[in-house]
Amino acid sequence: MPSYTPVQKSAIQQFTAVTDAKDSVAAKTLKNNNWNIDQAINASTSNPSPTTQSLNKLFDKYRDNASEEPDTIGVDGSMRYFADLGIALDEPVVLVVLTELNAPTMGELTRQGFVDGWKRLRANNITEQKSTLPSLRHSLPSSSGGLFLTTYKSTFRLALSPGQRSLPLDTAIEYWRLLLSPPSLSWNTKTTPWLDWWIEYLTTKWKKGVSKDMWVQTGVFVGKSLEDEGMGWWSEDGAWPGVLDEFVGFVRGKRGVDGGDGEAEEMET
């Protein structure tokens, strides 16, 4: 693509989203209409998508730096947006929304993710978007539900700082508390306070960062432990990360079961 200003690139993206035209056609039409997006769309089609236009207009309202980053909502804009949605930043549903909108990281939204995500959820304005939240909140606390699993997996990416490949332990624990406690999924069973014991093990025995594999496999472990707290599914020959092997010994030690003394050795990275 030839060199265009950020504003012109944004106009091309908006035009193609509405009309499904190629970038070259979008650029030519916009040039012929002095880069006026509404005029160009009206010139190219008699039936522009009101949904896309509405969502683009809403997105534009929250941009922090329209001239330099026309297709990005930054931290300040995201905070204003979530406040308008009526969501507290320490609610687990924040992670659901960020996942549905394919946010690249905490505190940032892209135009493409915002438009595509809300189109998929059929919510074209703030009022309609607010109306989706009760359903998202209701669906989240299910270990077998796709919404929880998708949100859990994406949270690792959302929580990473630029340049990081693993999460600091205290950051990971913060997000585990958010995702694995009510009103999200409760990682507790009749005789086992799994989340408390997990955090106790990590802070006293592990004391290291959390890799993507450890994060994902912990999510799998959570689901299985909720289905069968007796761990009949567990096998020492399974392909679990070592930290989870040692945690099983820690749990057995807490329960006074043979094969675990609750004093697992610290793991090597």
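**Briefing: confidence, cores and one buried threonine**

The protein chain has a mean pLDDT of 88, and 90% of its residues reach 70 or more; pLDDT is the predictor's confidence in each residue, from 0 to 100. This is a predicted model, in which local features need pLDDT of at least 70 and side-chain atom pairs count only at pLDDT 80 or more, while totals for chains, interfaces and linings use all residues. Residues are numbered from 1 along each chain as its sequence is written, and side-chain values use heavy atoms, with hydrogens and water left out.

**Confidence**
- Among the elements of the chain, mean pLDDT is lowest in helix α3 (residues 37-44), at 74, and highest in helix α10 (residues 169-179), at 97.
- Helices here are DSSP runs (H or I, at least four residues), numbered from the N terminus.
- Over residues 259-269 pLDDT stays under 50.

**Nonpolar cores**
- A nonpolar core is a set of buried (under 20% relative accessible area, 1.4 Å probe, protein chains only) Ala, Val, Leu, Ile, Met, Phe, Trp, Tyr and Cys residues joined through side-chain atoms within 4.5 Å.
- The largest nonpolar core has 66 residues, of which W176, W198, L202, W215, F221 and F247 touch the most other members.
- Helix α11 (residues 194-206) gives the most to this core, with eight residues.
- Beyond four places in sequence, the contacts (heavy atoms within 4.5 Å) of W176 include W198, L202 and W215.
- A27, L30, I37 and I41 are among the 10 residues of a second, separate core.

**T132**
- T132 lies in helix α8 (residues 126-139).
- T132 counts as buried because its relative accessibility is 14%.
- Its side chain reaches the backbone oxygen of Q129 at 2.7 Å.

How values were computed:
Buried means under 20% relative accessible area, exposed over 50%, partly exposed in between (1.4 Å probe, protein chains only). Helices (H or I, at least four residues) and strands (E, at least two) are DSSP runs, numbered from the N terminus. A polar contact is a pair of N or O atoms within 3.5 Å; within protein, one must be able to donate a hydrogen and the other to accept it, and residues adjacent in sequence count only if both atoms are side-chain atoms.
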